[in-house]
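Biologist: I am new to reading structures. Please take me through some features one by one.

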Amino acid sequence: MRESAQALQLVAFDADDTLWLTEPGYSAAQEKLQQLLEPYVELDALAQAVYETEMRNMPLYGYGAKPFILSMIETAIELSAGEISARDVRRIIDIGRDMLNAPLSLLPGARETLERLAPAHNLILITKGDIFDQEGKLARSGLAGLFRAVEIVGEKDEATYARILARHGVEPGGFLMVGNSLRSDVLPVLAIGGRAVHIPYHITWLHETVDEARLPKDGYFTLENIGQLPELLEQEFGGG
Ligand SMILES: [Mg+2]
């Protein structure tokens, strides 16, 4: 028997850019902001400036689209030295409203994979961000019925994962996390003794990037797409 073949008690999925697309919406909003601010500012540093505002605001606002919208407005006011018109602030609010109203796009294979795994595994969703926004996305995804539980958390760190495992009565060795972020979905899970599957998405938010030197050499799996997950689980953990 392989060393890794401890039975899986709980398989958790990240949502944003693991089950449904998120980052393309943020990138598109940044591009619209760039066009809007062209009359006011030199734009080379716009993305970096928005990011710095987001990081400054994060302890107060947390993650999600609404904090991002507030940070876009704040950055626009700062970069235009207070010259931006109310009409253009209104346009930034509209960019944000369009983000929140955008139709949800599932990643290819997400639904099929969850449907295939659900009969044999305890599946849960662990996502961070705004409860109102994430619950809305989950409802629109049509995937909610495939999860035994949904955890919308403020931060995905070791303490959060330990708390979730304790609540579900699961040992770390029986826990597997699947997600696109090494920082949020892989490293803290490995640190508490859990298992992880990294499925990179081609755009990664700067905040979620990880210095290569911090990456453990092994202890987690990497897949190209979510459709490969059932086969991996069968090979590594046996059964369903
Ligand atoms: Mg994600």
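Predicted model: local features only at pLDDT ≥ 70, side-chain atom pairs only at ≥ 80, totals over all residues.

Biologist: Let us begin with the metal. Which protein atoms are the donors of the magnesium ion?

Modeller: The general idea concerns angles: four tetrahedral donors ideally give 109.5 degrees, and six octahedral ones 90 or 180 degrees. In this model the protein donors are Asp14 (OD), Asp16 (O) and Asn180 (OD1), which lie 2.1 to 2.2 Å from the magnesium ion. Water is not among the atoms, so the site may look incomplete.

Biologist: What spacing do the donors follow along the chain?

Modeller: The spacing is D-x1-D-x163-N. Asp16 sits in the loop between β1 (10-13) and α1 (23-37), while Asn180 sits in the loop between β4 (175-179) and α8 (182-191). The two are 164 residues apart, and the pair links distant parts of the chain.

Biologist: Are Asp16 and Asn180 buried or exposed?

Modeller: Both Asp16 and Asn180 are buried.

Biologist: Now the strands. Which way do the side chains of β2 point?

Modeller: Side chains in a regular strand alternate between the two faces of the sheet. In β2, Leu123, Leu125 and Thr127 point one way, and Ile124, Ile126 and Lys128 point the other way.

Biologist: Which sense, parallel or antiparallel, do the pairings of β2 with β1 and with β3 have?

Modeller: β1 and β2 run parallel and are joined by 3 bridges. Across that pairing, Val11 stands opposite Leu123. β2 also pairs with β3 (residues 149-153) in the parallel sense, over 5 bridges. There, Leu125 stands opposite Val150.

Biologist: Which helix makes a β-α-β unit with β2 and β3?

Modeller: Helix α6 (residues 131-141) does, and the unit is right-handed.

Biologist: Next, charges. How many salt bridges does a search of the whole structure find?

Modeller: The idea is that side chains of opposite charge can pair when their charged atoms come close. The search finds 10 salt bridges. One of them is between Arg56 and Glu74, whose closest N and O atoms are 3.0 Å apart. Arg56 is in helix α2 and Glu74 in helix α3 (residues 65-79), 18 residues apart, so this pair links distant parts of the chain. Arg56 is partly exposed at 48% relative accessibility, and Glu74 is partly exposed at 25%.

Biologist: Where do Arg90 and Asp94 lie?

Modeller: Both lie in helix α4 (residues 86-101), 4 residues apart, which is about one turn of the helix. Arg90 counts as partly exposed, at 42% relative accessibility, and so does Asp94, at 30%.

Biologist: Which parts does the pair of Glu151 and Arg167 tie together?

Modeller: The closest N and O atoms of this salt bridge are 2.4 Å apart. Glu151 lies in strand β3 and Arg167 in helix α7 (residues 158-168), so the pair ties together parts 16 residues apart in sequence. Glu151 is buried, with a relative accessible area of 9%, whereas Arg167 is partly exposed, with 48%.

Biologist: Which residues are linked in a network of salt bridges?

Modeller: Asp14, Lys156 and Asp185 are linked in that way. Asp14 is also one of the magnesium donors.

Biologist: Now the surface. Which residues form a nonpolar patch there?

Modeller: Leu60, Tyr61 and Leu70 form the patch, with about 320 Å² of accessible area together. Leu60 is in helix α2 (residues 46-61). Why does Leu60 count as exposed? Its relative accessible area is 72%, and exposed means over 50%.

Key. Residues numbered from 1 in each chain as written. Heavy atoms only, no water. Patch = residues over 30% accessible without salt bridge, like charges linked within 9 Å, V, L, I, M, F, W, Y side chains within 5 Å. Areas by Shrake-Rupley, 256 points an atom, 1.4 Å probe, with all protein chains shown as cover. Salt bridge = Lys/Arg side-chain N within 4 Å of Asp/Glu carboxyl O. Buried < 20%, exposed > 50% of the residue type's maximum accessible area, 1.4 Å probe, protein only. Donors = N, O, S within 2.8 Å, 3.2 Å for Na, K, Ca; no water. Pairing = 2+ DSSP bridges. Right-handed = clockwise from strand over helix to strand, strands pointing away.
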